Amino acid sequence: MAMDKRSLYDGLNEFEADLQKLSENLVEMKGSLQELVEKNTTLELENQRLRERIHELSRQNSAHSEKDKQELSQSRMNLEKIYEEGFHVCYDLYGSRREHDEPCAFCLEVIYRDSGK
Ligand SMILES: [Zn+2]
């Protein structure tokens with residue numbers, strides 16, 4: 001009987017250690033996921049910015065057209081979507097998570113600047 005209790009106790013100790021290890025892994029994986037999501041968002045924004053830049057450059061060679069306006073509002077909508085998903089799109093913090101979805105005046109400026117152009 002004493003032996004059984006001891007092996008039960010040992011078993012629980014082992015189980016506890018395993019759980020601790022799993023919990024550590026979980027924390028690590030969550031961190032990695034967060035990093036990946038932020039990196040992905042950063043790349044998305046960088047891509048977006050480059051597209052805007054190309055668009056700007058090509059616009060310098062042509063008069064404003066209806067198509068230009070459509071593309072501009074499309075890129076604004078993309079930024080808005082990223083912002084609403086909870087990420088900064090402003091230059092200092094872009095791609096990082098907005099803590100508790102706090103509103104950011106700089107983000108809003110980026111999204112809505114140049115509107116009506
Ligand atoms: Zn921001």
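Four donors count as tetrahedral if all angles lie between 85 and 135 degrees, as square planar (four) or octahedral (six) if opposite donors are over 155 degrees apart and all others between 65 and 115, and as irregular otherwise. With that in hand, let's look at the zinc site. This is a predicted model, in which local features need pLDDT of at least 70 and side-chain atom pairs count only at pLDDT 80 or more, while totals for chains, interfaces and linings use all residues. Residues are numbered from 1 along each chain as its sequence is written, and side-chain values use heavy atoms, leaving out hydrogens and water.

**The zinc site**

The zinc ion has four protein donors, His88 (ND1), Cys90 (SG), Cys104 (SG) and Cys107 (SG), at 2.1 to 2.4 Å. Donors here are N, O and S atoms within 2.8 Å of the metal (3.2 Å for Na, K and Ca); water is not among the atoms, so sites may look incomplete. The angles at the zinc ion run from 98 to 117°, which makes the arrangement tetrahedral. Along the chain, the donors are spaced as H-x1-C-x13-C-x2-C. Both His88 and Cys104 sit in the loop between helix H2 (66-84) and helix H3 (105-112), so this pair ties together parts 16 residues apart in sequence. Helices (H or I, at least four residues) and strands (E, at least two) are DSSP runs, numbered from the N terminus.

An unreviewed UniProt entry lists His88, Cys90, Cys104 and Cys107 under "binding site". These residues spread over 20 residues of sequence yet cluster in space, with a largest C-alpha distance of 8.3 Å. UniProt positions follow the numbering used here, with shortened feature names, and annotations may be inferred rather than shown by experiment.

**Exposure and surroundings**

Buried means under 20% relative accessible area, exposed over 50%, and partly exposed in between (1.4 Å probe, protein chains only).

| Residue | Relative accessible area | Class |
|---|---|---|
| His88 | 9% | buried |
| Cys104 | 8% | buried |
| Glu84 | 61% | exposed |

Leaving aside neighbours within four places in sequence, His88 is in contact (heavy atoms within 4.5 Å) with residues including Leu45, Tyr94, Arg98 and Cys107. Glu84 belongs to helix H2, and its C-alpha is 8.3 Å from that of Asp101, 17 residues away in sequence.
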